[in-house]
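Colleague: I am new to this model and would like to learn how to read it. Could we take one feature at a time?

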Amino acid sequence: MNSMEEGEEVGKSGKSASPKVVKKSEVGGQKSEEENNSKTEQQTANSKLPTEDNMEVHHHPNVEKKNFKEYVLEGLMIFLAVLMGFIAENIRESISEHKRAAEFARSYYEDVRKDTAALHAAMHFSKQKSAGLDSALIVLHHLTGKPKEDTALYTQLALSASVVPFDPTEGTYEQIKSSGSLRYFNQRLVSLMNSYDVQVKRTVKREDNDLKFILDQYLPYIIKNFNSEIPFDYRFLHHISHELYVIDRSKNNMRQMINYVVDLKIERLLVEQQYKKQIKISGEVLSELKNEYNLGDE
């Protein structure tokens, strides 16, 4: 009885402690719905796959074959493009080389001008020295034994052991040669530049020979026969305060003196010959540079 009553009470209240019972019809309905959804998705996927009806067929485009003239025209255009690039590069290099040559030309022009001025100064000194040697020879050939003749020898031989060397300016020319820039200049100018350089070496060598003779032969003789205090007075005090005398005034010694003076004169003449050649070539170089690069004295 008690159990029945309890069952009735539960029924009345609508509550139950046991799990909810799911009907078979509901379970079957859920499965049917899932199957339908799965079929629908499959149909949608299948509809996206290409079929024989909707599959596109890709064909390669028909390429029109070029005739011989078109190939020739294309080749000609490529050739012209390369040629124009080559010409443009050559023009650029030519402008650059001309500018570089103009810079070298101006610098070299200034070097030759300085050399020319130095040559004229050396030539002027050489003329003075030669004139003194000529006067000394006259005195030596007419010696009478009078003391004033000793004074005359000192006076005329004052410059005999002196030199004013030609010191060429070769910086620009050496730079032009070492950098291979001689090709920037025309052939006539290159020939003149080379000739000038050769003549510079000859001039310097001739001067070296003159100086060697003075140091090795002439000066030792002068020291033995003349008062060395006189050259000191002449050069540094600008007045003579010591006795002018010749130690050995014998005939043989005077003849030896004549020989030394004549040798000095010969050396001077040989040096002057090189000076004249150098001045001549320098004038030609300056003239060519002026005409080629519109240079002038500033």
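Modeller: Labels come before features. A helix here is a DSSP run of H or I with at least four residues, and helices are numbered from the N terminus. Keep in mind that this is a predicted model.

Colleague: How many helices and strands does the chain have?

Modeller: The secondary structure comes to 8 helices and 0 strands. Along the sequence, the pattern reads α-α-α-α-α-α-α-α.

Colleague: What share of the residues is buried?

Modeller: A residue counts as buried when its relative accessible area is under 20%. Of the 298 residues in the chain, 28% are buried. As for contacts in the chain with a separation of 6 or more, 79% of them are accounted for by residues 24 or more positions apart.

Colleague: Now empty space. How does one find it?

Modeller: Rolling a probe the size of a water molecule over the atoms shows where empty space is left. In a cavity the probe fits but cannot get out, whereas a pocket is open.

Colleague: How many cavities of 30 Å³ or more are there?

Modeller: The search of the whole structure finds 1 such cavity. The largest cavity has a volume of about 70 Å³.

Colleague: Which residues line the largest cavity?

Modeller: Among them are Tyr108, Asp111, Tyr173, Tyr196 and Asp197. H3 and H6 each supply at least two residues of this lining. By class, the lining has 6 nonpolar, 1 polar and 4 charged residues.

Colleague: What is the volume of the largest pocket?

Modeller: The volume of the largest pocket is about 510 Å³. Its lining consists of 21 residues, and Leu157, Ala158, Ala161, Ile230 and Pro231 lie nearest the centre. By class, the residues of that lining are 15 nonpolar, 5 polar and 1 charged.

Colleague: Which helices each supply at least two residues of the lining of the largest pocket?

Modeller: Those are H4 (147–156), H6 (187–225) and H7 (229–237).

Colleague: Next, aromatic rings. How should I read a ring pair?

Modeller: Look at the distance between ring centres, which must be within 6.5 Å, and then at the angle between the planes. Planes under 30 degrees apart count as stacked, over 60 as edge-to-face, and the rest as tilted. The whole structure has 7 aromatic pairs. In one of them, tyrosine 108 and tyrosine 173 have ring centres 6.1 Å apart and planes at 40°, so the pair is tilted. This pair links distant parts of the chain, since tyrosine 108 is in helix H3 (residues 68–141) and tyrosine 173 is in helix H5 (residues 171–178), 65 residues apart.

Colleague: Is tyrosine 108 buried or exposed?

Modeller: Tyrosine 108 is buried, with a relative accessible area of 4%. Tyrosine 173, at 5% relative accessibility, counts as buried too. Now take the rings of tyrosine 218 and tyrosine 260: their centres are 6.4 Å apart and their planes at 65°, so this pair is edge-to-face. It also links distant parts of the chain, with tyrosine 218 in helix H6 and tyrosine 260 in helix H8 (residues 251–293), 42 residues apart. Tyrosine 218 counts as buried at 1% relative accessibility, and tyrosine 260 counts as buried at 15%.

Colleague: Which residues do ring pairs link into a cluster?

Modeller: The cluster is made of Phe213, Tyr218, Tyr221 and Tyr260.

Colleague: Last, the backbone. What should I look for in phi?

Modeller: Most residues other than glycine have a negative phi. Histidine 238 has a positive phi, near 60°. It is found in the loop between H7 and H8 and counts as exposed at 67% relative accessibility. Asparagine 294 also has a positive phi, near 55°. Asparagine 294 sits in the segment after H8 and, at 70% relative accessibility, counts as exposed.

Conventions. Residues are numbered from 1 along each chain as its sequence is written. This is a predicted model: local features need pLDDT of at least 70, side-chain atom pairs count only at pLDDT 80 or more; totals for chains, interfaces and linings use all residues. Side-chain values use heavy atoms; hydrogens and water are left out. On a 1 Å grid over the protein atoms alone, a cavity is a set of points where a 1.4 Å probe fits but cannot get out, and a pocket is an open set with protein on both sides within 12 Å along at least five of seven lines; lining residues have an atom within 4 Å of a point. Grid points are joined across faces, edges and corners, and a volume is the space filled by probe spheres set on the points. Ala, Val, Leu, Ile, Met, Phe, Trp, Tyr, Cys and Pro count as nonpolar, Asp, Glu, Lys and Arg as charged, and the others, Gly among them, as polar. Rings of Phe, Tyr and Trp (its six-membered ring) pair if their centres lie within 6.5 Å; planes under 30 degrees apart count as stacked, over 60 as edge-to-face and the rest as tilted. Buried means under 20% relative accessible area, exposed over 50%, partly exposed in between (1.4 Å probe, protein chains only). Contact means heavy atoms within 4.5 Å.
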